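Hello,

Here is the structure I promised to pass on to you. Have a look at it first, and then read on for what turned up inside.

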Amino acid sequence: MSKRKILLRVQSSEGTRRVECDPLDTTMDLFQKVHDAFGLSGFCFALFRERGNKDEINSSRSKTLKSIGLNHGDLIYLAPINGALLWPIDSPMNSHTSITPSASGEHDRSEPSTSSSQTSQWKASASFSSSSSSNGSQEDDVDLQLWKIDGKIKRDRDDKFCRHGANACCLHCSPLEPFDEAYLKEQKIKHMSFHSYLRKLTAGVDRGKFVALEDISCRIKLGCKDHPPWPRGICSKCQPNAVTLNRQVYRHVDNITFENPQIVERFLDYWRVTGHQRIGFLYGTYEIHADVPLGIRATVSAIYEPPQESSRDSVSLLLPDEKEDVVDDVARQLGMKRIGWIFTDLIADNMQRGTVQHVRNIESHFLSAQECIMAGHFQNLHPNPCRFSPGGYFGSKFATVCVTGDSTNQVHMEGYQVSNQCMALVRDSCLVPTKDAPELGSIRESSDKQYVPDVYYKEKDNYGNEVPRLARPLPVEYLLVDVPASTPLVPQYKFMVDPMVTQFPVENRMVQGHLQDFATLSTYMRQFSDDQFLLAMSDFHVLLYMATMDMLPLKEHMGPLLEAVRTNDGAKALEWRHSEQWGTVEQLIAATEAPSASGAARDDHGVSGSGLGGGAKWTCPHCTFINASHLSSCEMCNLPRS
């Protein structure tokens, strides 16, 4: 055995190191020593004997340095695989923040490997780690699941064109990429999924190393010292670029699915009773949509109706909503999040037939400019975490659903999103609606307070040529992305739906018979037996009312109950039913029944049916409100008299 050591020089993008080896060391030992010499955070690198990543040295347990011809003083080259970040955060050789693939928790490689042994799953993990370190955003669960999927479209063997065996593959049966235009056109998929778009960007030789998704900016860059601030000066360095609106080829959400028709029917009850329009926020989850390659489906489980004022032709939100944080927290503990908004635009056509007018079509508009601005505002409030964005977010998964009449005068749903360009125009206060044309928006003109860049869109002239037009006015079709909205053939039920049970009223409906109060909760709970407690609590609106009750707020104590509803655990729900907090509510419910019966008896004898019985007024022991003598429960807090 040779006693003489040899020195090898290893050159990398961060400098050169000397590695002392024995000629009989294996190449696997060489990888380990290079790893230790450079202080690398992982083994996602390759070694080459020549520049330009040529003549690769493979990691092996049997090949020695002497057998592959490495001698004293030889220079070898280190290169990362697929742009992986090799140096840890505290390394003096690297000044920027980075996280290795093993730190992401998805893969932990304990042995060195060569570039030929990396899989597509490892590439996705490496890409995620580097992006998480650079922008600090945490992607949604559905995004992480999609990154682990190959995404390629499998094809069966073609008996007409394939001339090979069952285990072989050729051009006619090889898997297609998820962004294949011919396949999308054949399947009538108008927009590719966002993850297919990302795979297209990272499909080149550089594997997405230089991909950077940035939202456009329509604002002047602050801090320019070459001239006075706007409006006294502006230069090419701080002036935003002109914007040309293009059709967005991808969409962040590929389908909107309501778990069952009763969710929408309950939302439409308000319009059926009053004839007024309504707005609601959609709560649910994001899931993988199998019908579109690498697609995402927004599954709606409940609708929350915020405070609002509405009429036959308009609806406006009353902001701020004081209960918004409570609603989001309850939804989060139930495994849901806010994923979109829904509004109605319904005008009755024939009350006997139950038809509505068809007002939204290609001749008029699909979404008005004001609705596009509102959708852009909501999408800006709910950005989409993205690993390829320097800012950590790009676009939004927040969806818009419009309930209106179709060509057959039946009620139906239409789903939309606005493009990322529209989000930027709304964010920077550049887009405004027109006064008398809902299908047209307009771009503001520059003023002393705000500089607005020129915005153009392209249309065909009389000769078929595409010519740019200034977006004053702007057809809002250039800003829309279609998203199918429907209900599944087999309904799903996260919350209870029983036609034999009178449902609990929906919040913020100021209509007789739709008000939420303690008496309504008592009436609702009397419909269930003791062993049906989980069934009674499986209603999103009941849980919201219990969490926001003024007289006895239960939000701080509802954690176990929400967990029981989320997991459909009847035993855990019954355990919470015996808690002190719910025991207080049951006592109040029981006390509400008795005074109601006695009050009815007094009315039968004519004592106080007309309110003229002459009895002394009584003070509520709970809220100190002074009530009339004939009332059995407090007019202010609805709690029983006794």
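The domain bounds used below come from an automatic or database domain assignment. With those bounds, the lining of the second largest cavity takes at least three residues from domain 2 (250-428 + 479-486) and at least three from domain 3 (518-593). Please keep in mind that this is a predicted model.

First, some background on the protein. It has 15 helices and 29 strands, and 46% of its 642 residues are buried. Of the contacts between residues at least 6 apart in sequence, 65% join residues at least 24 apart.

Now to the cavities. Helix 6 (261-274), strand 11 (295-304) and helix 12 (540-548) each supply at least two lining residues, with helix 6 giving the largest share, four. By class, nine residues of this lining are nonpolar, five polar and six charged. Domain 2 and domain 3 both contribute to the lining, so the largest cavity lies between them.

The second largest cavity has a volume of about 70 Å³. Among the residues that line it are Tyr304, Lys323, Glu507, Leu544 and Thr548. Here helix 12 gives the most, three residues. This lining divides into four nonpolar, three polar and two charged residues.

Notes
Residues are numbered from 1 along each chain as its sequence is written. This is a predicted model: local features need pLDDT of at least 70, side-chain atom pairs count only at pLDDT 80 or more; totals for chains, interfaces and linings use all residues. Side-chain values use heavy atoms; hydrogens and water are left out. Buried means under 20% relative accessible area, exposed over 50%, partly exposed in between (1.4 Å probe, protein chains only). Contact means heavy atoms within 4.5 Å. Ala, Val, Leu, Ile, Met, Phe, Trp, Tyr, Cys and Pro count as nonpolar, Asp, Glu, Lys and Arg as charged, and the others, Gly among them, as polar. On a 1 Å grid over the protein atoms alone, a cavity is a set of points where a 1.4 Å probe fits but cannot get out, and a pocket is an open set with protein on both sides within 12 Å along at least five of seven lines; lining residues have an atom within 4 Å of a point. Grid points are joined across faces, edges and corners, and a volume is the space filled by probe spheres set on the points.
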